[in-house]
Amino acid sequence: MPFLDQQPANVRLVSLVLRRFDPDLDLATVLALCLAEGWASLPADPERARRALTAPGVTTVVAVAADSVVEGFAQMMSDGEIQAFLVNLLVTPALRQQGVGRALIREAFGLAGGQRVDLLTDTAEDFYERWPHRRFTGFRLYPDHSPGREG
Ligand SMILES: CC(C)(COP(=O)(O)OP(=O)(O)OC[C@H]1O[C@@H](n2cnc3c(N)ncnc32)[C@H](O)[C@@H]1OP(=O)(O)O)[C@@H](O)C(=O)NCCC(=O)NCCS
């Protein structure tokens, strides 16, 4: 799906395509994006990341520039009917505030299916506040180990 957005004069002018994540094409640049953001869980083990981003029930969508570089991605889990969960959403800093994040959520949700999306955030509340939403208290449980080791 071609993706066109409004571009302020002082940002990179790129046209992006949104499509499903292809690990053979996209894994390295997705992991590079995560590393640049300081996200450790996916880059810590690339083969594990490949499995996680392509697991059953997982829909991963990438925003790709003409040079095939991934400029953003969304990872959504869904039962396909009712409940989806946004696991990861990341847009490269130079292309933020231009509608890429919103387009990634819409595309991933459309492909994954469901009626609603839950998510946790401690970095992007203002972005999510712009969507129709309800607020809940969130928990992240670590059944097998203590918190702090990973995300
Ligand atoms: C959060 C993130 C994905 C948003 O992506 P983005 O491409 O900048 O978002 P969009 O341009 O689609 O934003 C949609 C709207 O929200 C606004 N918006 C985006 N980020 C915002 C922010 N931090 N604060 C306030 N408004 C914001 C945009 O201006 C836009 O407004 P509009 O509806 O008036 O046009 C991006 O900032 C990012 O990758 N952040 C670092 C990683 C992160 O925190 N991910 C979320 C983890 S839960």
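**Ground rules.** I count residues from 1 along each chain as its sequence is written. Since I have a predicted model here, local features need pLDDT of at least 70 and side-chain atom pairs count only at pLDDT 80 or more, while totals for chains, interfaces and linings use all residues.

**Overall fold.** I found 4 helices and 6 strands in the protein; these are DSSP runs numbered from the N terminus, helices being H or I with at least four residues and strands E with at least two. Along the sequence I read β-β-α-α-β-β-β-α-β-α. Of the 151 residues, 28% count as buried (20 or more other C-beta atoms within 10 Å of a residue's own, with C-beta atoms placed from the backbone).

**Around β5.** I looked up which strands pair with β5, taking pairing as at least two DSSP bridges between two strands. Strand β4 (residues 70-78) runs antiparallel to β5 over 7 bridges, and there Phe73 has Leu90 as its bridge partner. The β4-β5 hairpin has 4 residues between its strands, and Gly80 takes a positive phi near 85 degrees. With strand β6 (residues 116-118), β5 pairs in the parallel sense over 3 bridges; Gln83 stands opposite Arg116.

Methods. A residue is buried if 20 or more other C-beta atoms lie within 10 Å of its own, exposed if 12 or fewer, and partly exposed in between; C-beta atoms are placed from the backbone.
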